[in-house]
Protein chains: 2
Amino acid sequence: MDSMPASSALSTRDRILATAERLFAEAGIGATSLRAITAAANVNLAAVNYHFGSKDALVEAVYRRHLEPLNTARLRNLEELEARGRALDVETIVRAFVEPLVEQARTGASGTTLTRLLAQSLHEAAGYVERFYARENDAVLQRYRDAMQRAIPALSPDEICWRLNFMLGTLHNAFLDAGLLKLLAHGDSDRAETSPEVTLTQLIPFLVAGLTAPGQREAI
Amino acid sequence: MDSMPASSALSTRDRILATAERLFAEAGIGATSLRAITAAANVNLAAVNYHFGSKDALVEAVYRRHLEPLNTARLRNLEELEARGRALDVETIVRAFVEPLVEQARTGASGTTLTRLLAQSLHEAAGYVERFYARENDAVLQRYRDAMQRAIPALSPDEICWRLNFMLGTLHNAFLDAGLLKLLAHGDSDRAETSPEVTLTQLIPFLVAGLTAPGQREAI
DNA sequence: TGTAGCATTAAACATTCGTTTTAAACGGTC
DNA sequence: GACCGTTTAAAACGAATGTTTAATGCTACA
């Protein structure tokens, strides 16, 4: 039943998924037509509706394919660390959360596709956040929130939420646009590396310092 | 020549601008049709092309109406501070940059419209960043980069760029989505205030700490 | 070998989009 | 009262969209 055509290593369904993922990340979901996807994937237009039913269902399939492994890795990282019994510091928690993203950016078919997709979901025509991001990320975020609260007991629960929110915003944008960075560099150093590794190196101190900044309740 | 109809306080042109701004921020530019704009603004469809020429020109007009005052205020804030002759610390610079955004969110017609628009410009189908955001913000960003470099001389120019980039990402997302914040709070404190003032109070310590975190060159 | 079932194809479907056109009204100014 | 910029109205244009249909190709299994 799983007969693969010899002409391509991927099935029609998988080729649609991979191409849609790339185009969605590049231009956004709304701006990417099914015809653009099927043309780039060398499949028939009707194949999308045949395999997925609708464009919305295709979008959901694209998200699901990446969000599930991401969340699984994030959860596994945290559980492994907590299983050691020792208290976790902020940097360790941040790395456990970010590392799966970087890993997927490094090994993924088209680089930072996932992070671009996630960022898209936060900005595209309403509904994607609630329908995919929230549902998939809910449990993971709760776990990290609790871990972060234990690592920074001086902050109130509200402050923990705010800072995790800031962290997510920083994270998504950090991997999203090299455009702003180049604009900031302004030729002075347009050699600016934007690889996932370099981004991570620059990002971790920023996030850790921001997260551990003094809160409202503290003396200083 | 500036004849206002008695039926409305705003001219047709201004009503189109205000409505387009709101709908763009809500659903994105690509997902907002001219018919939706003209219907919501109670003006004729052809009025858009009459006053602006095209949808793209309307988009540019919407951006320009908000970006110009924002950049002017940001530049004026920094220049006033620098005119005092004393060295500026990081928090002062951050506040000078963020305050115009908060002010516009507070007095603007529909709250955080501007920040949502800016965030949209970073994600919508390619071109908006280069065409509006970059062009308008270029000089402002250079000034703030230099000020920040003087305030944190221990950081390399590259690190300054990275951290300003992170700051912009954090900033845009912070005012963008209350959705993620509520997801994080998860009912434990769904009283979470998301007013511009509260957001600012939570944001400043995060940004200042992140910006002033130790860099690569430092001993610790 | 023949038939059932999934996969792929080409064509057409109905909508919606931005834009243009033509026409008619309204409201000031010279 | 005639001109002119503004606005509304209705209609149509071509292009692009998501979706559906009907026909064909192909493979597996009996």
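Predicted model: local features only at pLDDT ≥ 70, side-chain atom pairs only at ≥ 80, totals over all residues.
Chain A contains 10 helices and zero strands. Its pattern along the sequence is accordingly written α-α-α-α-α-α-α-α-α-α. The chain has 220 residues, and 42% of them are buried. Contacts in chain A reach across the sequence. Among those between residues at least 6 apart, 64% join residues at least 24 apart.

Helix packing was examined in chain B. Two packed helices are described by the angle between their axes and the distance between the axes. Helix 1 (residues 12-27) and helix 4 of chain B have axes that come within 10 Å. These axes cross at roughly 90°. The crossing angle falls between 65 and 115 degrees, and helix 1 and helix 4 of chain B are therefore roughly perpendicular to each other. On the helix 1 side of chain B, the contact is made by Leu17(B), Ala20(B), Glu21(B) and Phe24(B). On the helix 4 side of chain B, Leu58(B), Ala61(B), Val62(B) and Arg65(B) take part. Six residues of this contact are nonpolar, two are charged and none is polar.

Both DNA strands have residues from chains A and B among their closest. DNA strand C is surrounded by 18 residues. The closest are Thr12(A), Asn44(A) and Ala46(A) from chain A, with Ser33(B) and Ser54(B) from chain B. In chain A, helix 3 (46-52) gives two or more residues to this surface. By class, the surface near DNA strand C comprises nine nonpolar, six polar and three charged residues.

DNA strand D is surrounded by 21 residues. Ser33(A), Leu34(A), Ala46(A), Ser54(A) and Thr12(B) are the closest. Helix 2 (34-41) and helix 3 of chain A each supply at least two residues of the surface near DNA strand D. Helix 1 and helix 3 of chain B each do likewise. Helix 3 of chain B gives the most, with four residues. The surface near DNA strand D divides into 10 nonpolar, eight polar and three charged residues.

Backbone geometry was also examined. Most residues other than glycine have a negative phi. Asn42(A) is not a glycine, yet its phi is positive, at about 60°. Asn42(A) sits in the loop between helix 2 and helix 3 of chain A. Asn42(A) counts as exposed because its C-beta neighbours inside 10 Å number 11, where the limit for exposure is 12 or fewer. In chain B, Asn42(B) likewise has a positive phi, near 60°. Asn42(B) lies in the loop between helix 2 and helix 3 of chain B. With 11 other C-beta atoms within 10 Å, Asn42(B) is exposed.

How values were computed. Residues numbered from 1 in each chain as written. Chains lettered and ligands numbered in written order. Near = placed C-beta within 6 Å. Nonpolar A, V, L, I, M, F, W, Y, C, P; charged D, E, K, R; others polar. Axes fitted to C-alpha atoms, helices over the stretch in contact; angles between N-to-C directions. Parallel < 35°, antiparallel > 145°, perpendicular 65-115°, else oblique. Contact = placed C-beta atoms within 7 Å. Buried ≥ 20, exposed ≤ 12 C-beta atoms within 10 Å, placed from the backbone.
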